[in-house]
Amino acid sequence: MPEGAVRPGEQVEAAPAPALQRLSELVRRVNSSTDTADVLEEIVHGVCDVLGYGVAAIARLEGDTLVMTAVAGPDDVRRQILGRRTPAAEIMDEYRQADRWGILRFVPHGRMSEARITAAWIPDFEPDADDPQAWHPEDTLYAPLYSATGRLLGNMAVDLPPGNRVPSLHERELLEMFVVQAGLALSNAQQREELSEQLRLGSTVKEVAQAGSQPGLDAILADACEAIHRGFDAVQVWIRCYPDDDAGSSVAAGHPRPGLAQSPVAALRADLAARWPTADPIAVHISDRTSVLSAESLARLQQMMTSVGAFHVAVVPMGVALDLLGYLVVGLNGTRGHLGTAELDALTEIARELGRSVQTARLLETEQRLVSELRELDRYKGELIATISHELKTPLTTIIGHAELLGELHEHRSVEAISRNAERLNRLVQNLLDYSRVQDRLASVRERVELVETCRSAVDLVALLAETGEVEVVTETCCEEVVVTGDPEELSLVVDNLVSNAVKYSRPGGTVRVEITCDDAWARIAVADAGLGISEADQVHLFSAFHRSSNPEALSIPGTGLGLAISRRIVESHGGRIDVDSSLGRGSTFTLALPRRFAPAH
Ligand code: ADP
């Protein structure tokens, strides 16, 4: 039937007073109430009570689904259709097949698809075959509810019209008035929701930005997680920052389950890096089979979602300029619905804020670390100057004293004292030179070094000292050659130092064992003596520069306390390690382990 057509014999009636009165009440309520559910209820009941329809129902559009929100009619019908979800596309299809009755849409029986008939609620009665205007159970009358800007907000459907006849023009006009009110109520609700959403999202972005002023990355991430959790009504939020070589800051936070963020989604970094600097959130549903993310990331994320009861998550990359610094995940439950455009935009903004905060916090951490390193360096410099001055002063005083004596008496003992102390000074200066060389070394020599030979040379070097001290030195080796890659001169310095210490701190009659062993990966040299030994307290600082045992017997033996500090630096720069096993009065074993294949350090 053409739009607005009046059927033959139809009379133009005036609207009944109760209908108008109810309408005017409705208009007032629609414009003043903020309880949308209440207003929609009133509209559907008005349609039934005042206009005489058997059933009236309003569905609201949520995402791309129409959800039946308010129903007036018999209880069993209400129970059946309340909360029912219909894809909006199906209803749109029906609109296209309908006759246009002003703002109403009428689909006469016979035109509706079988699928829709099965899905829709169809009243159970026999149509009056004698009346051409009789309502048929499969007739459908509804009205799309649009916003002022033409956006579909919902749908109103009516059934069992008054007198069970196709509504007259006048009845339709009255129905249209209720439809207009329903549209207005939804439009108002939508505006209110948008406004409060804007406020909510705006304040969440602000809270995350404010979290950036917390001291330390830990506190920043924890506060941000909490704010996002609140603002998005999420079931779980977690943030992971990729570790930064320059700053060893902690990298993960989660709320309400902080532990979740500790387990990384390993493949995600490559997935996000491939897209970066595109910072759009990536939506993942618990039942997704495919995703823009790799299958590995998808499976791992879905596993984590299951553990926290999240039906969908948004994964948002976090970074600054070209640097991808980590990601943020917001998990939502099943009733919460998909994230809308405004929410996704807010998440992008939040991730941008977080990226800035992470970068600033890390810069600050690096700065603080550098400051404390500089302080330590300053303290160490002072200590170094004090120790060196002291070490230089003692032999110099002796030299000066004996030189004066020599001038007066030509004393033979003074010549000996002078050369002994000059020798001591010379050793000290040589050690200092070695120490500063290994400390400031920029590049290192990497050559073939044969350790059996290195040990033999070291033993030869101490032969005289050993003989004087009545110490026997024996060498045991697992094979004829043990080869490593490194600096031959530096490694000789280490072995010489260990062997000469073992002899120096042995008692007469003692034996020093130099044992060389190796496997595929490591070469080891153990230098063992049964001499003075080192107390546990002294072992703590053994490898620090200028440290000498507090044991008076050891202190009486000349030394600078630099040899082991130099040795440790050299060994570590070769990718190896040096350890000591010692007990006071029993002897010591120093073990040097070097990797067989050590990559050149440039
Ligand atoms: P130096 O021997 O020139 O003093 P080192 O750095 O080589 O310097 O050794 C530091 C200190 O460790 C020594 O002064 C000594 O007290 C102790 N020490 C080193 N090796 C041994 C050892 N084999 N037995 C006992 N004490 C040792």
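The shell around the ligand is made up of seven nonpolar, ten polar and three charged residues (Ala, Val, Leu, Ile, Met, Phe, Trp, Tyr, Cys and Pro count as nonpolar, Asp, Glu, Lys and Arg as charged, and the others, Gly among them, as polar). The model is a predicted one, so local features need pLDDT of at least 70 and side-chain atom pairs count only at pLDDT 80 or more, while totals for chains, interfaces and linings use all residues. Residues are numbered from 1 along each chain as its sequence is written, and side-chain values use heavy atoms, with hydrogens and water left out.

Of the 20 residues around the ligand, the ones that come nearest are Asn501, Asp529, Ser549, Thr560 and Leu564 (near means that a heavy atom of the residue lies within 4 Å of the molecule or strand). Ser549 also has a side-chain N or O atom 2.7 Å from a ligand oxygen. For Tyr505 the corresponding separation from an oxygen atom of the ligand is 3.0 Å, and a polar side-chain atom of Lys504 sits 3.2 Å from a ligand oxygen. On its own the ligand exposes 520 Å², and the protein buries 98% of that (Shrake-Rupley areas with a 1.4 Å probe; for residues, only the protein chains shown count as cover). Helix 14, helix 17 and strand 19 are the elements giving two or more residues to the shell (helices, H or I of at least four residues, and strands, E of at least two, are DSSP runs numbered from the N terminus). The largest share, four residues, comes from helix 14.

The largest nonpolar core has 44 residues, and Leu451, Leu498, Val512, Val514, Ile525 and Leu592 touch the most other members (a core is a set of buried Ala, Val, Leu, Ile, Met, Phe, Trp, Tyr and Cys residues joined through side-chain atoms within 4.5 Å; buried is under 20% relative accessible area, exposed over 50%, partly exposed in between, with a 1.4 Å probe and protein chains only). Elements supplying at least two residues each include helix 10 (341-409), helix 12 (451-461), helix 14 (488-504), strand 16 (511-518) and strand 17 (522-529). Helix 14 gives the most, with seven residues. Apart from this core lies another, of 34 residues, with Ala56, Ala70, Trp101 and Phe178 among them.

Cys479 sits in the loop between strand 14 (472-477) and strand 15 (483-486) and counts as partly exposed because its relative accessibility is 29%. Leaving out residues up to four places away in sequence, Cys479 touches Val452 and Cys518. Its C-alpha is 8.3 Å from that of Ile516, 37 residues apart in sequence.

Ser297, in helix 9 (residues 295-308), counts as buried because its relative accessibility is 0%. The side chain of Ser297 reaches the backbone nitrogen of Leu268 at 3.3 Å.

Thr65 belongs to strand 2 (residues 65-72) and is buried, with a relative accessible area of 15%. Its side chain makes a polar contact with the side chain of Asp64 at 3.4 Å (a pair of N or O atoms within 3.5 Å; within protein, one must be able to donate a hydrogen and the other to accept it, and residues adjacent in sequence count only if both atoms are side-chain atoms).

Technical notes. Contact means heavy atoms within 4.5 Å.
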